[in-house]
Amino acid sequence: MISETGVISPDTLSFTKEKKKLEGKSAGTIIIGHDLTEEKRTLGKLIQEERLEALGELTGGAAHKFNNVLTVILSYIQFLLQETEEPGLEKIKKQLELVEKSAFEGAKVVSELREFVRGRKEAERVEVDLNERVKDVVVTAQFRWKDQAQAMGIRINTELDLGNPPPLMLNDYDLRRVLTEMIFNAVEALPEGGKIILATGREENQAYFSVTDTGVGVSPQTKKRIFDPFFTTKGPQINGLGLSVCYGIIKKYGGTIEVKSEESKGTTFTIRIPIHPQK
Ligand SMILES: Nc1ncnc2c1ncn2[C@@H]1O[C@H](COP(=O)(O)OP(=O)(O)O)[C@@H](O)[C@H]1O
Ligand SMILES: [Mg+2]
């Protein structure tokens, strides 16, 4: 079947047959094609949520165990470090400090995994004005990427398209974290420069904000795994936890994250948060 946009999509089609009779005799068959795009999309979303739910359980258990192990390791290291204050033990002290650094890095990963599982621990919520927050996160994020982009000779322009979002009761750190992760993903999707557009607004009883880039886009295979912890297309040095953490945070507020993307054209992440969360 050819959709309005001219795309043939056999996997979202189903057919039903109806035999027609005229004066008791067979007069032929009518075949009706049903476009199931919307149904498939809803099903896809449910499967995605269930997968993330299952991943969350697995990850939660593993994070808890690792946390216990790391606590023991770190306390022994600290004890041993005190023992190496004596002269002549400088070399051992240095090596122990390296072990300590790695253990701290491990602890950071564990704490991010826990954020994915159930958002950050319930922290103080304040009334936030989305527009104000978007404006100041854009500025603080720019300090971190602008020089580097200029040195590489690429231009990234940011645009604001701010509407009238209702005030939300959120933890300020959570909101900054989500905005920052999304802005950096947008920057990383623009190796040849381009545009980042931040928009806010209101949709019925929800406030929304979105981050759009004119970058490389996301392939359909990547899109399925984009919120999975440790999923990254950026190489082995990258931990791939950014969007998992965002997912955990937004879920805590009863919100949703939608991804729309076209390869080589760009990507939009839209975050919607209900004004009165059902708890
Ligand atoms: N704006 C974007 N444009 C293109 N791809 C993106 C974008 N945001 C996220 N992705 C894809 O999703 C993956 C996971 O993102 P994330 O969880 O933030 O991990 P990381 O940025 O560390 O790789 C990225 O590696 C990338 O492939
Ligand atoms: Mg990221």
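When I say helix or strand, I mean a DSSP run, numbered from the N terminus (H or I and at least four residues for helices, E and at least two for strands).

Before going on, please keep in mind that this is a predicted model: local features need pLDDT of at least 70, side-chain atom pairs count only at pLDDT 80 or more, and totals for chains, interfaces and linings use all residues. Residues are numbered from 1 along each chain as its sequence is written, chains are lettered from A and ligands numbered from 1 in the order in which they are written, and side-chain values use heavy atoms, with hydrogens and water left out.

Back to α4 itself. This helix covers residues 172–188, and its 17 residues reach 24 Å from the first C-alpha to the last, close to the expected 24 Å. The expected span is 1.5 Å times one less than the number of residues.

How many residues of α4 are buried? The count is 12 of the 17, so the helix is largely enclosed by the rest of the structure. Buried means under 20% relative accessible area, exposed is over 50%, and partly exposed is in between (1.4 Å probe, protein chains only). Among the buried ones are L175, L179, I183 and V187.

Now, what packs against α4? Two packed helices are described by the angle between their axes and the distance between the axes. Here the axes are lines fitted to C-alpha atoms over the stretch in contact, and angles run from 0 to 180 degrees between N-to-C directions.

One partner is α3, residues 130–151, which packs with α4 at about 50°, the axes being 10 Å apart. The two are therefore oblique to each other; the cut-offs are under 35 degrees for roughly parallel, over 145 for roughly antiparallel, 65 to 115 for roughly perpendicular, and oblique for the rest. The α3 side of the contact includes V134, V138 and W145, while the α4 side includes L175, L179 and I183. Contact means heavy atoms within 4.5 Å.

Another partner is α6, residues 242–252, at an angle of about 145° to α4 and with the axes 10 Å apart. Here the α4 residues D174, R177, V178, E181, M182 and N185 meet a set in α6 that includes L243, C246 and I249.

Let's look at strand β7 next. D213 is found in this strand and is buried, with a relative accessible area of 6%. Setting aside neighbours within four places in sequence, D213 is in contact with several residues, including A186 and K265. A polar atom of the D213 side chain also lies 2.8 Å from the backbone nitrogen of G215. S210 lies in β7 too, residues 206–213, and is buried at 8%.

L160 touches V134, K135, V138 and L198, leaving out residues up to four places away in sequence.

Technical notes
Polar contact = N/O pair within 3.5 Å; in protein donor to acceptor, adjacent residues only side chain to side chain.
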